[in-house]
Amino acid sequence: MRAPHPCWPSAQPQFESVTQALWTADKIPGVDGELFKVKEKTGVNQQACLLLAELVRRVQPTHTLEVGCAYGFSSVYMVGALAQVGGVQHVSVDPFQDTAWHGIGRTTVQRAGLAELHTVVTRMSDAVLPSLYEHNARFGLIFVDGDHKFDAIIADVRNAGRILLTGGLLVLDDVWMASTRTAMSWIEANLPYERIVARFNLAVYKKTGDDTRHWTHFEPFLMARKTG
Ligand SMILES: C[S@@+](CC[C@H](N)C(=O)[O-])C[C@H]1O[C@@H](n2cnc3c(N)ncnc32)[C@H](O)[C@@H]1O
């Protein structure tokens, strides 16, 4: 195991108090200190955040990425775990972070003392991920929790697959949604991933190799029943 990032020992107490408050406070601050009410359905649940952190500690990536930052629940847990394993950078992609979300996600990570490991990119994931690929950026764990329409998830998974290292983990949020479950069945029928676990509303896949399918390849997959 690598040594923790130099910011970690001093950031740890801040991380503990900020993350504890996420689950008790009904309002959290945005970038200018104004408090905003937390919409329960939006953020990732506590057990899922703990699982994400555990996965980062297990994989020990240098770089991690997430699509969808919002309140930064997932971000702060992923960045905290990255700091513990001596990681370098966590990238959050969210075009609405500084508008609809008032910078809450980036502020949460900053309040936890972990801003130097966090980069927020305020553009659409389907523009950012291909650009990261072209710039040879690669990640050990990618969390997809952005636009939850079926076609948007498919685009994120396809683009994420190109920048995820073999052996790395792809994690999808919101398994309760028919769009996510249909995307999962497409992945499992067609892509080089092994499902490791599905719990706490997350599905976790290990990338087993590059996508070398012939251009004619297609395996039918199951359509989930509509929910929600
Ligand atoms: C369910 S929330 C993410 C919750 C976040 N992971 C947390 O724990 O607080 C979905 C997020 O996806 C973002 N989003 C929507 N469309 C997107 C897109 N095309 N690319 C990247 N992010 C997008 C939204 O702005 C929103 O912040």
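**A tour from helix to core**

Select helix α7, residues 178–190: α7 lies across β7 (164–173), β8 and β9, at about 155° to β7. Contact means C-beta atoms, placed from the backbone, within 7 Å. Axes are lines fitted to C-alpha atoms, for helices over the stretch in contact, and angles run from 0 to 180 degrees between N-to-C directions. Helices (H or I, at least four residues) and strands (E, at least two) are DSSP runs, numbered from the N terminus.

This is a predicted model: local features need pLDDT of at least 70, side-chain atom pairs count only at pLDDT 80 or more, and totals for chains, interfaces and linings use all residues. Residues are numbered from 1 along each chain as its sequence is written.

Next, show the open sheet. Its seven strands run β5-β4-β3-β6-β7-β9-β8, with mixed pairing. Two strands pair if DSSP finds at least two bridges between them. β5 (118–121) and β8 (193–199) are the edges; each has a single partner strand, so one side of each lacks a neighbour in the sheet.

Zoom in on β8 and β9 (residues 202–207). They pair antiparallel over six bridges. Pick Arg199: its bridge partner in β9 is Leu202.

Now colour the largest nonpolar core, with 62 residues. Such a core is a set of buried Ala, Val, Leu, Ile, Met, Phe, Trp, Tyr and Cys residues joined through C-beta atoms within 7 Å. Buried means 20 or more other C-beta atoms within 10 Å of a residue's own. Helix α3 (residues 73–84) gives the largest share, eight residues.

Finish on Ile142. Leaving out residues up to four places away in sequence, Ile142 touches Leu65, Ala160, Leu164 and Leu170.

Note on methods. Contact = placed C-beta atoms within 7 Å. Buried ≥ 20, exposed ≤ 12 C-beta atoms within 10 Å, placed from the backbone.
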